[in-house]
Amino acid sequence: HFFASPPFGICSCWPTFPLLFLGAPTCNLSLSDFYCNRNSPPEMSILACAVVGKFNNPLFVKIFEAGAKEDDVRLHFLLHSSLDIVEDKLNTPSRPGAPALDPFLGSLLPHEDFRVFGYVTCSRTKLLVVISGDVVSEPALRRVFARMAELYVSAVCNPFYTHDSALSSPEFETRLGALLTSTPLVAGVR
């Protein structure tokens, strides 16, 4: 059987790319198999985060998507590799009269499957996040980093915390996990 509807439609993922619907008598697919779900945002999630000290010592590293050991190693490698880019951005001399450095460093390391974003606090502590997907809402990401910085400050204000040592606070880990797994980062979602 051939499809009774128009010969082509527009997919919401590629607004200008027409999909040609050709059916053959042996085809078992319905027309709905060719249309994208227009209400669901693209797949995107925060896979890992890190808090790195002033001297590039890891204070906290968390992998959220438990996967193969190779994936964990690759995420750790991406986080570590992005530190060079953070240092380059922090050590680049600014021209006279230029505005102060924005704490949100933006995309640091675009990768085939992931993107690494960074943020630096006034104490030069670096906050890094690895995200899967391409389309990220920058305002939402800025809010996430600002909230991460607040959680970090609250954790290090503990009188029993030794400055620039590993963060082992269960409350920090729980709150950070809740923040990073519940915040939508897709462009257009606020």
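**Group meeting: a walk through the predicted model**

Okay, so this is a predicted model, and the protein averages a pLDDT of 74, with 68% of the residues scoring at least 70. pLDDT is the predictor's confidence in each residue, from 0 to 100.

Where is confidence lowest? That's strand 2, residues 18–20, at a mean of 37, while strand 4, residues 58–63, is highest at 93. Over residues 1–42 the pLDDT is below 50, though this stretch still has 46 contacts in the model beyond near neighbours in sequence; a contact means heavy atoms within 4.5 Å. Where pLDDT is low, the predicted coordinates should not be read in detail.

Quick housekeeping: residues are numbered from 1 along each chain as its sequence is written, and side-chain values use heavy atoms, with hydrogens and water left out. As the model is predicted, local features need pLDDT of at least 70 and side-chain atom pairs count only at pLDDT 80 or more, whereas totals for chains, interfaces and linings use all residues. Helices (H or I, at least four residues) and strands (E, at least two) are DSSP runs, numbered from the N terminus.

5 strands form an open, antiparallel sheet in the order 4-3-7-6-5, and two strands count as paired if DSSP finds at least two bridges between them. At the edges sit strand 4 and strand 5 (104–110), each pairing on one side only.

Let's look at one end. Strand 3, residues 45–52, runs antiparallel to strand 4 over 5 bridges, and Ala48 has Ile63 of strand 4 as its bridge partner. These two strands make a hairpin with 5 residues between them, where Asn56 in the turn has a positive phi of about 60°.

On to the packing. The largest nonpolar core has 27 residues, and Phe145 and Met148 are among those with the most contacts inside it. Such a core is a set of buried Ala, Val, Leu, Ile, Met, Phe, Trp, Tyr and Cys residues joined through side-chain atoms within 4.5 Å; buried means under 20% relative accessible area (1.4 Å probe, protein chains only). Which element gives the most to this core? Helix 2 does, with 8 residues.

As for Phe145, its contacts include Phe104, Phe117 and Tyr119. There's also a second, separate core of 18 residues, which includes Ala48, Val86, Val120 and Val130.

Key:
Buried means under 20% relative accessible area, exposed over 50%, partly exposed in between (1.4 Å probe, protein chains only). Lists of a residue's contacts leave out its neighbours within four places in sequence.
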